[in-house]
Amino acid sequence: MPGISVTGVLYGDEGKGKVSDAIGEKADIFVKFQGGSNSGNTVVVDGKEVILHVMPAGVVRNKRCLVASGVVLHPERITEEIELFDGKVNFGIDPRTHIILPYHIALDVARERELKKNTGEPIGTTAQGIGPCYEDSKNRLGLRFGDLVGDPALLEKKLRYNCQLKSKILNQIYDWSIKVPQGGKFGAELVEISEDDMVAQYLELGRKLKPYLTDVSKEIREALKEGKNVIFQGSQGLMLDITFGNYPKVTSSHPMPAGVFTSIGLPPMKFEAIGVVKAYMTKVGSGPVATCLDGGKWPVDESLSEEVAKRIRKEGNEYGATTGRPRRVGWPDMVILKYSCDVCGYTQLAITKLDTLGGIGPIKIAVAYECDGKEFTDYPAWDAGFLLRCKPKYVEIPGFEVEEVRNAKTFEELPEGAKQYITMIGDITGVPVTFISTGPDRNQTILRGLNAF
Ligand code: IMP
C-alpha cells in the first residue's frame, strides 16, 4: 500500500522516529501531519545527535519532506532545522499551515501560570504556543504560511492587528505581556518582544521561507495516485488527542491515523496504520496515569518501586526531548492500549525499547482496572476522573535480561517473558506486533511479517 501512517499509541515519546526511519528506505515522501515544536525526534547528523521538532525524520535519508496544513509551524524553529542541513533539504510547507507567533507562546505560558495559581493544576504544556495557535486557526484569526510568505504589507497589517489584540488580552486578563523564552528553550529566561521587532522578524522569516511554499495536499494526492510511497508521520499519541485522549491533559490536535485525512486534505482511502507503543508507560506533563509512579501529585502505583522506575528512566533516557522534563514511568497497560487500538484501527503495532524492561525482575502488566466496585477491561475515556479513581489489576510475567533481548535476531530467540508479553499484546488488541525494537541501533530490530512498502 503506498501510504503508511506512523503514530503514537499512548502518550507520545514512543520512538516513532526509529520506526519511520526503519521503513523509510523505500519511502519517497515523509509528511508531518499534526503537532508542532511540542514534539521531538532524535536523529544523528554527521555523527552528532540532534533533535528535530518540525522537520520529518526522512530528512536524514535525503527524502522529500513535507509539512501539511494540520501542523502548527514555528517559523524560527524550522529555519534553524533547515540550516542544520546547510539548506540542502528537499522540503515543502503547505500554505494553509498555521504559524506560531510570539503571542501564542506568551499566552501558553500566561495561561499555565494562571491555572497553576488558581487551581494548582496546569496542563503541563511544552510552552510552545501550540494550544493558542490551534485556537486562532479555529476562531479565524490565525496567520498561515501563505500569509507569511505572501504580500509583506498585508502580513504587516495582520501582524500588528493580532499583536495589539493579544497584548490587550495578555495585559488585562493575565497581567502579562508578549515575552518568549530566550532561544525558544523550555524554561529559559523570558524576554520581552516589541510589536516592531516581531513584525521585522516575521517579515524576514517570510522572505527566507518563501522557496518552500508547496501545495502539500495536492502533491500528496498526486503522489499516492502515481503509487509513490508516503509516510504520514504523527506527533504525540492517542492519549493526548484533543477529543479521545485524557481531556483536559491533552494537546490540541488529533494524533491518530484518521487525522491524516483532514490534516493533509485527502479523500477516504485505505492505508497501513502502524501504531508505535513503548514497552512500558511514560508520561510527561501533568495528568493521572494508573500504572505510573509519580513524584507526589497523582495517585501512585505502589506496585512499582522507586528503584525500578529510576532504573527505567535512566536506561531509557526518559526525559522530554523538547522540555528536558523527567518523564513519569510505569508498568505496561493493556486496557488503554486496547482502547487506542479500537479507536485508531492500527493495522500493525511496533513495540519499542523492549530491552529497557530488562534487568528489573518480574514484570507486571495491567489487564483490567477496578473502579467504583466494578472491573473494567474497556477504558471509559470520556470519564475524566476515571484514572484518578481506578486501580489497575496486574498479571505477572517472567523478567528477562537486557542482553537476552538485544542479542535476539528473531522472535523465537527472545526470552520467554518477552515472548509472552508480545503474544499477550496481539491477543488482547487483535493487532499483530510486526516490529520489535530490541536496542537503539537501526539493526536491533526484529520484523515479524511487517507490512510496509
Ligand atoms: P502542548 O502540546 O504543548 O499544548 O502540551 C499538552 C500536553 O501534551 C502536555 O501534557 C505535554 O507534555 C504533552 N505533549 C505535547 N507534545 C508531546 C510529545 O511530543 N510527547 C509527549 N508529550 C507531549
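**A guided tour**

Guide: Gladly! Setting aside residues up to four places away in sequence, Val 395 touches Ile 363, Lys 364, Ile 365, Val 367 and Met 424, where contact means heavy atoms within 4.5 Å. This is a predicted model, in which local features need pLDDT of at least 70, side-chain atom pairs count only at pLDDT 80 or more, and totals for chains, interfaces and linings use all residues. Residues are numbered from 1 along each chain as its sequence is written, and side-chain values use heavy atoms, with hydrogens and water left out.

Visitor: In which strand is Val 395 found?

Guide: Strands (E, at least two residues) and helices (H or I, at least four) are DSSP runs, numbered from the N terminus. Val 395 belongs to the run of residues 391-397, which is strand β18.

Visitor: What is the relative accessible area of Val 395?

Guide: Buried means under 20% relative accessible area, exposed over 50%, and partly exposed in between (1.4 Å probe, protein chains only). Val 395 is partly exposed, with a value of 33%.

Visitor: How many residues of helix α1 are buried?

Guide: Helix α1 covers residues 16-24 and is largely enclosed by the rest of the structure. Among its buried residues are Lys 16, Val 19, Asp 21 and Ile 23. Of the nine residues in α1, the buried ones number eight.

Visitor: At roughly what angle do the axes of helix α3 and helix α4 cross?

Guide: Axes are lines fitted to C-alpha atoms, for helices over the stretch in contact, and angles run from 0 to 180 degrees between N-to-C directions. The axes of α3 (residues 102-119) and α4 (residues 130-138) come within 7 Å and cross at roughly 120°.

Visitor: Which residues of α4 does α3 meet?

Guide: On the α3 side, the residues are Tyr 103, His 104, Leu 107, Asp 108 and Arg 111. Their partners in α4 are Ile 130, Gly 131, Pro 132, Cys 133, Glu 135 and Asp 136.
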